[in-house]
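This briefing is for a reader new to the structure. Please look over the sequence and the model first, then read the points grouped by topic.

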Amino acid sequence: MLSYLLMIIFLIPLCFLHGCWWLVHSLMFLLSFVFMIFMYSYADLNMISYYFGVDYFSFSLILLSFWICSLMITASGLVYLSSYHSNFFVFIVLFLLIMLYCSFSSLSLLSFYIFFESSLVPTLLLVLGWGYQPERLQAGLYLIFYTLVASLPLLLILFIIYDVSSTLYFPLLTDFGSYYFMFYVFIILAFLVKMPMFLVHLWLPKAHVEAPISGSMILAGVLLKLGGYGIFRVMKIISYLGMKFNYFWLSLSLFGGVIVSFVCFRQVDLKSLIAYSSVAHMSMVIGGLMTMNWWGCMGSFSLMIGHGLCSSGLFCLSNIIYERLGSRMLLVNKGMINLMPSMALWWFLLSSSNMASPPSLNLLGELSLLNSIMSWCTFSFLVLIFLSFFSAVYTLYMYSYSQHGSYYMGVYTCSLGYLREYHLLFLHWLPLNILFLKGEYFYI
């Protein structure tokens, strides 16, 4: 495990060579393929040490981190063209990748917590340094305060766990039974804010709207998944209280998902709409994890991977339009099929994946989560019907409103995309649909 970490660290000096971002970019893609092939070939038995190790769950999320961070550099073409601190930008992306790699491969709760919180620093720098509007300062404050205020009680709980069990090593931790109710709330709340759950989700749309394309991609693609991964890891400590009280979080997240779906209908900003749709999708992931059964955990896992690729791709599409027209308002961005006919195909492909149509990985995840949540409580189908239906409705609304209608400028012109943009969208869409064919690996 340490060898891959050192390979990323040794890329850092290349960041500061003038005009060498393309070399770092190519080596990151190469490293992601090396990691995938070698780890998949030699299983995980040789990759466990006292500090770092992977199982199937963390392997896939580390691979997703490699992939999204590589695509972040592809998407940020304007940063290099304007030479706006491009070396520092690539350094921040690499630093973020190191933090994510260490978070997902940590075998100690304390090191997981440290890297989990450290991943906020480069994200904040991306929002503040390369954001678009002065409001990015307020968005950065929301991002820091929401996540840190919820996470600090978790640090105190970790000290209590260490005091009681004398270890924070994942495989040696046991269920604490009905030790302390607030113990359960503080542990789980830190991860629910990160996902985010309805009622503590307001930081996400703000951060997305103000963030540059790279910030939005990493937020939607990987950072939200840290919350789901954390719940998956700590559930073994709080499973006794979880059996009693998880119904509250499950009900709140499902009903919240329906309410957020209605909020999506009245969004006029493309990025804001996609950000709220992330909250609706994550509500199903929370529901699956709270059922504490195998279908729920694996369904949440596959939906997290699928959503990471799909949502990141949609943010790339909204950024492509923003670079052409200088606006993300739906009122301005209608009739895009007239201006950019070739992009309409990518809008269709990624929108259809977002509403969980075959053959996307989202379909696999949502079917598993429907199975899981309905096995927990049959009457939950009433909420799930609305959640799935409105998910399709707001995605269709987004697609039809942005692509159809008359182009607002009334000019009969055509704007083609760059090869870089088609390559970027293809590398989001291909794994999202190819992984569906290997669905059995998500349920081993």
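Proline 196 sits in the loop between helix 10 and helix 11 (203-210). In this predicted model, a cis peptide bond joins proline 196 to methionine 195, with omega about -10°.

**Backbone geometry**

- Most residues other than glycine have a negative phi, and most peptide bonds are trans.
- Proline 359 belongs to the loop between helix 17 (341-354) and helix 18.
- Serine 166 is not a glycine, yet its phi is positive, about 60°.
- Serine 166 is placed in the loop between helix 9 (136-165) and helix 10, and with a relative accessible area of 54% serine 166 is exposed.
- Methionine 292 also has a positive phi of about 60° without being a glycine.
- The loop between helix 14 (270-291) and helix 15 (294-325) holds methionine 292, which counts as partly exposed at 26% relative accessibility.

**Helix 10 and helix 13**

- The axes of helix 10 (residues 181-194) and helix 13 (residues 239-265) come within 11 Å and cross at roughly 50°, which makes helix 10 oblique to helix 13.
- The crossing of helix 10 past helix 13 is right-handed.
- On the helix 10 side, the contact is made by Phe181, Tyr184, Ile188, Leu189 and Leu192; helix 13 contributes Leu241, Gly242, Phe245, Asn246 and Trp249.
- Sorted by class, this contact has 8 nonpolar residues, 2 polar ones and no charged ones.

**Cysteines**

- A disulfide is a covalent bond between the sulfur atoms of two cysteines.
- The count of disulfides here is 0, with a cut-off of 2.5 Å between sulfur atoms.
- For cysteine 316, the closest cysteine sulfur is in cysteine 310 at 11 Å, too far for a bond.
- Cysteine 316 is buried, at a relative accessible area of 2%.
- For cysteine 377, the closest cysteine sulfur is in cysteine 297 at 18 Å, again too far for a bond.
- Cysteine 377 counts as partly exposed, at 28% relative accessibility.

**Glutamate 366**

- Glutamate 366 is part of helix 18 (residues 361-376).
- Apart from neighbours within four places in sequence, glutamate 366 is in contact with His281, Met284, Leu303, Ala356 and Ser388.
- Glutamate 366 and phenylalanine 436 are 70 residues apart in sequence, while their C-alpha atoms are 12 Å apart in space.

Conventions. Residues are numbered from 1 along each chain as its sequence is written. This is a predicted model: local features need pLDDT of at least 70, side-chain atom pairs count only at pLDDT 80 or more; totals for chains, interfaces and linings use all residues. Side-chain values use heavy atoms; hydrogens and water are left out. Axes are lines fitted to C-alpha atoms, for helices over the stretch in contact, and angles run from 0 to 180 degrees between N-to-C directions. Helices (H or I, at least four residues) and strands (E, at least two) are DSSP runs, numbered from the N terminus. Angles under 35 degrees count as roughly parallel, over 145 as roughly antiparallel, 65 to 115 as roughly perpendicular and the rest as oblique. A crossing is left-handed if the near helix is turned anticlockwise from the far one by less than a right angle, and right-handed if clockwise. Contact means heavy atoms within 4.5 Å. Ala, Val, Leu, Ile, Met, Phe, Trp, Tyr, Cys and Pro count as nonpolar, Asp, Glu, Lys and Arg as charged, and the others, Gly among them, as polar. Buried means under 20% relative accessible area, exposed over 50%, partly exposed in between (1.4 Å probe, protein chains only).
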